[in-house]
Amino acid sequence: MMHIGNLPPNWHFLSKAVQKEGAIAVGVSASNLIPDWIKERFMSWVSSPHSGNLHYLKKNIDVRLNPRLEGILKDSQAVVSIAFPYGKPMALPPIWNYVATHARGRDYHNTLRNKLTRIATQIASVYPGLKWRVFVDSGPVMERTWAVLSELGVIGRNGMIIVPGYGVKVLLGEIFISNAPLDRVAFSTIPREPFSLCDASCRRCQRACPTGALSEDGLVDAGKCLSCLTVERRTYTIPENIRLHLDKFFGCDRCIDACPHNRAQFSILEPPAIANIANSLEEFVYAPAESLQQLLAGTCLYRTGAVQLQQQAQFLLDNSSYRCLGYNSDGKEVK
Ligand code: SF4
Ligand code: SF4
């Protein structure tokens, strides 16, 4: 079953179009609707030490908070938010167990961009003259905020969007549009309260986080978050007290896996062009960086780069604790 968020009355063709592309939720919000409290929450977090190494979030703040400006889609009217599931891991060689689930296989940015482009083209076939631009975890776009405003779901205490009936294992994409006949549409203006889908006593995600990166208000301390520290390009080493908790050389799934809302039984992720990037963690660490980088082409790992990933994989080898997490050094599950 699709989860339908806020959809204009004559836009129900959209749910069929997104379903055909494997999406599980869709909704539309006006592009000028970011409420003040969300802006204030973002500004206070981004100017605090908790934004860590995510320096790109400090750029283009005016456009991020007002996508009608030049930079996203000038005079955009609305944002179509779409959620795609990645819950079911695909069968890949064991080395991929050291990569966060959403980043396994082909780079999802490319997969989703193609899907969003086909969906946007279909909207434009219904409304000729439509202007549109698609985003997948790119550009100054507050994707979780738009997903909430489009009524795809609610922010959970792990900072992720919980889509009712599917959970938090979703990837988000946006289509900004203008020149569409949306003038008379009533958009929802009050987003659902954060955590309203979290049981009052549930703290599973916080307990699953080994570094204490999740605060009670659902904001992430990026300086402590293994995902932020291992996925983004960095110029400094990860503090030892943090890297001792690494169980992957790219990303971290713990606060996501912990959520009892997860139900997703399918995935839109696709196999990579080259799946066998290394036979073991040791082979990954000691491979010539240039050849490894070529093997990573077309995956999410490419942008982070072989050199950084090899360093992070070396941290895993250094951690005797990683053996306790259920995998041997080849990434195979220890029975
Ligand atoms: S991704 Fe990992 S380190 Fe980051 S908040 Fe979640 S559990 Fe903590
Ligand atoms: S684990 Fe519990 S508290 Fe955390 S996001 Fe899921 S439901 Fe909410």
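By class, the shell around ligand 2 has six nonpolar, three polar and three charged residues. Nonpolar here means Ala, Val, Leu, Ile, Met, Phe, Trp, Tyr, Cys and Pro; charged means Asp, Glu, Lys and Arg; the others, Gly among them, are polar. The shell includes Cys198, Cys202, Cys205 and Cys259. A residue belongs near a ligand if its C-beta atom, placed from the backbone, lies within 6 Å of it.

A word on the source. This is a predicted model: local features need pLDDT of at least 70, side-chain atom pairs count only at pLDDT 80 or more, and totals for chains, interfaces and linings use all residues. Residues are numbered from 1 along each chain as its sequence is written, while chains are lettered from A and ligands numbered from 1 in the order written.

Now ligand 1. Its shell splits into nine nonpolar, two polar and one charged. Among the residues are Cys209, Cys225, Cys252 and Cys255.

Next, strand β7, residues 170-178. Strands are DSSP runs of E, at least two residues, numbered from the N terminus. Is β7 buried or exposed? Mostly covered: eight of its nine residues are buried. Buried means 20 or more other C-beta atoms within 10 Å of a residue's own; exposed means 12 or fewer, partly exposed in between, with C-beta atoms placed from the backbone.

Who pairs with β7? Strand β3 runs antiparallel to β7, joined by eight bridges. Ala78 stands opposite Ile177. Strand β4 is also antiparallel to β7, over five bridges. Pairing takes at least two DSSP bridges.

Technical notes:
Helix = DSSP H or I, 4+ residues; strand = E, 2+ residues; numbered from the N terminus.
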